[in-house]
Amino acid sequence: MNYSLSNMLSSNASGIDPDARAYIAAVVAAGGTVSGTQKNAINTFYETGKTDGWYSSLKRIYLPIWAVAAANAICMKSLTSGTFNGSILHEAKGVRASSTFGNMNTNTNLGSLGITKDSYHFALLLPEGAEEGFSLPFSVNDLYVNGISIFWNDGFSFLRITNRVFSGSFLTNLPSIITTGNDSVAGNLYFKERLSNGFEGVETLDGIVGTAFPSNNLFILGDSGQQASMGAPIGAFSVSTEFSSAQDTAYTAALKTLWETTTGLTLP
Amino acid sequence: MIGFVTTQEQADAANAAIAKAQTDRGYPVFWLAGSNLILSGEHAGQHFVPCDDAILSTPLIGNPPQTPQDFPEFTTIIESMGGLDARIDIPAADITSPQEP
């Protein structure tokens with residue numbers, strides 16, 4: 001079941017990318033209010049992705065800025081729904097846990113999406129920066145070795161992609177878009193923090209990921225047990241097959257524009 | 001942490017009923033109250049179903065958004081756990097896993 005309700009599409013929406021139109025219709029059907037400016041921003045995002053070539057790599061992308069759980073749970077690419085668990089606040093800039101406990105289950109795993117250790121990309125838009133106390137913004141198999149997790153505990157602890165671990169020593173933890181992926185052409189793995197002024201901090205690891213990705217579901221906001229939940233908002237999250245480092249830069253620019261235009265806010 | 005202390009079976013039943021209220025209306029399951037095993041303290045070994053003000057006022061769906069309290073099934077679920085007055089406040093530390101990375 002998803003929100004692909006073609007019979008709810010507006011007849012005056014011609015000229016809009018069909019995937020953008022379907023997402024907008026799904027958000028409205030779920031209770032979101034989408035202004036003309038927001039529709040244009042969403043349409044531009046889809047069109048840019050298709051022109052630049054990264055749209056086909058996207059597998060799940062969430063823009064939880066609609067202040068309604070059903071709308072926030074909708075994936076922009078598949079129109080499938082995630083499931084929020086626990087005490088989650090749905091605010092204009094994104095979603096966050098109101099207490100220590102809560103998460104969103106994407107209801108899928110990476111293997112089902114065609115995402116493997118040799119072709120992956122994660123992106124996380126943090127409008128207020130990281131919550132450095134004890135938080136796990138996204139994870140597969142929680143914090144366990146050979147899982148996938150990004151973890152703050154009294155400051156940044158690590159980004160783990162199964163057997164490869166980034167130190168994140170370059171991070172500012174300011175409001176940003178954080179990404180990580182593999183670049184098979186460059187032959188490395190990267191971990192980036194893109195700030196609103198365009199500055200990109202980056203850490204690279206030569207080589208590849210050696211250990212296959214776990215088959216557990218992908219969780220956002222907290223771990224599978226609704227623990228280590230984010231008290232700072234997540235404005236957008238996506239998971240994709242491989243983006244080259246150059247595609248990553250183009251994608252994060254488009255994601256920043258999408259979030260800023262649809263929220264009317266700026267990454268400070 | 002405000003909510004209900006109950007058995008795993010009742011916590012699972014409560015969340016299954018919340019899920020059913022959504023699927024019965026043709027929706028995907030986009031929201032659950034969730035539950036946690038209580039690891040320490042007076043209620044260790046039981047399960048905790050959160051039910052604080054944020055849960056009760058969650059904007060679920062629609063415009064204007066309906067909250068859990070707008071669904072009659074939710075009232076039934078609350079009553080099955082003893083009603084809102086049966087909620088208690090337990091320390092978050094009782095639920096927090098000591099799991100280390």
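User: How many residues does the largest nonpolar core have?
Analyst: It has 100 residues. Keep in mind that this is a predicted model. The residues with the most contacts inside that core are A:Val27, A:Ala30, A:Ala69, A:Ala70, A:Leu124 and A:Ile234.

User: And which helix gives the core its largest share?
Analyst: That's helix 1 of chain A, residues 18-30, with 10 residues.

User: What does A:Leu124 touch?
Analyst: Leaving out residues up to four places away in sequence, A:Leu124 touches A:Pro137, A:Phe138, A:Ile177, A:Ile178, A:Ile234 and A:Phe237.

User: Okay, strands now. Is strand 1 of chain A mostly covered or uncovered?
Analyst: Mostly covered: five of its five residues, 58-62, are buried.

User: What does strand 1 pair with?
Analyst: Strand 14 of chain A, residues 236-240, in the antiparallel sense over four bridges. In that pairing, A:Leu58 stands opposite A:Ser240.

User: Switching topic: how many residues does each chain put into the contact?
Analyst: Chain A puts in 29 residues and chain B 26. On the chain A side, helix 3 (69-72), strand 2 (83-91) and strand 3 (94-109) each supply at least two. Strand 2 gives the largest share, eight residues.

User: What classes are the residues on that side?
Analyst: The side of chain A that touches chain B has 13 nonpolar, 16 polar and no charged residues.

User: Which strand of chain B is joined to strand 2 of chain A?
Analyst: Strand 2 of chain B, residues 31-32; the two run parallel, joined by two bridges. A:Asn85 stands opposite B:Leu32 there.

Note on methods:
Residues are numbered from 1 along each chain as its sequence is written. Chains are lettered from A and ligands numbered from 1 in the order in which they are written. This is a predicted model: local features need pLDDT of at least 70, side-chain atom pairs count only at pLDDT 80 or more; totals for chains, interfaces and linings use all residues. A nonpolar core is a set of buried Ala, Val, Leu, Ile, Met, Phe, Trp, Tyr and Cys residues joined through C-beta atoms within 7 Å. A residue is buried if 20 or more other C-beta atoms lie within 10 Å of its own, exposed if 12 or fewer, and partly exposed in between; C-beta atoms are placed from the backbone. Two residues are in contact if their C-beta atoms, placed from the backbone, lie within 7 Å. Ala, Val, Leu, Ile, Met, Phe, Trp, Tyr, Cys and Pro count as nonpolar, Asp, Glu, Lys and Arg as charged, and the others, Gly among them, as polar. Two strands pair if DSSP finds at least two bridges between them.
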